[in-house]
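User: I am new to this entry. Could you walk me through it?

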Amino acid sequence: METEFANLIKLQKLDIEIRNTSVLLDDIPHQINEIDKKSEESLQIVQTAKDNFSQNQKKRRNLESELQDIKEKTEKYKRQLNEVKTNKEYSSLLKEIDDTNAKIDSLEEEIIGEMLSADDIEKEIKAASKKAEEVQVELSRKKEVIFQEKNKAEKKLNDLEAEREELIPKIPSDQMKLYKQISKTKNGIVLSPVTEEFCTMCHMRVRPQMVNELIAGTQITTCENCGRILYYVKKSD
Ligand SMILES: [Zn+2]
């Protein structure tokens, strides 16, 4: 047997579903944002590796130019060896040549070091690009799923709202007034099912006499503890 306020129960179920669907929809921009952030991060890793490569190349060019200068300087010293007049000048030049040769060795070593890191960086760029591509595919797939969910939720919300519109005129105005009143103070949870003699929402025991009234379902009864409208639901086994 339907109670006098069966439509009110329907309204409560609709309102809860409307709220849940709205919460779901409200979260979608955040989800899209998170995906865009991840996508941006994977591209940023590639960019950082590319920047490292540019820096490596620039450093190598500088070292090579420095090496060229020192080599020219060494050649100049060597030519001067033939022109010096004193032993002192001669040994001083040899010392200069030793120094520049040492510098040439260390520069050449540094250049080799930069070349080796260039190889590593190129591998990094390749790996990061591959990873980024995979991430992009995965993320756009996820985005697609989210958009589908969004469309579905929007459609569902429209249907629920339409159903609500249709239902409202069928509810007596005094019931509607009470519903709105309780809704304000109980955060939208106006009705509470009673099974096993307990108010589901506040877990307060309902007096046996009241349970009988609820089973009859002829009038609106509110919970003595939480003030919500009670309705009886037979315990499912
Ligand atoms: Zn209660």
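This is a predicted model: local features need pLDDT of at least 70, side-chain atom pairs count only at pLDDT 80 or more; totals for chains, interfaces and linings use all residues.

User: How many residues has helix α1, and how far does it reach?

Analyst: Helix α1 covers residues 6–81, has 76 residues and reaches 113 Å from its first C-alpha to its last. Helices are DSSP runs of H or I with at least four residues, and strands are runs of E with at least two, numbered from the N terminus. The reach is close to the 112 Å expected at 1.5 Å a residue, a span taken as 1.5 Å times one less than the number of residues.

User: Where does α1 bend?

Analyst: α1 bends by about 30 degrees at Ile 28, and Pro 29 follows within four residues. The bend is the angle between axes fitted to the seven residues ending there and the seven starting there.

User: Switching topic, how is the chain divided into domains?

Analyst: Domain 1 spans 18–171 and domain 2 spans 174–232, with bounds from an automatic or database domain assignment. Their C-alpha centres lie 62 Å apart.

User: And the strands: which partners does Val 194 have?

Analyst: Val 194 has Tyr 232 in β4 as a bridge partner, and Cys 199 in β2 as another. β1 and β4 pair in the parallel sense over four bridges, whereas β1 and β2 pair in the antiparallel sense over two bridges. Strands pair if DSSP finds at least two bridges between them.

Definitions and conventions:
Residues are numbered from 1 along each chain as its sequence is written.
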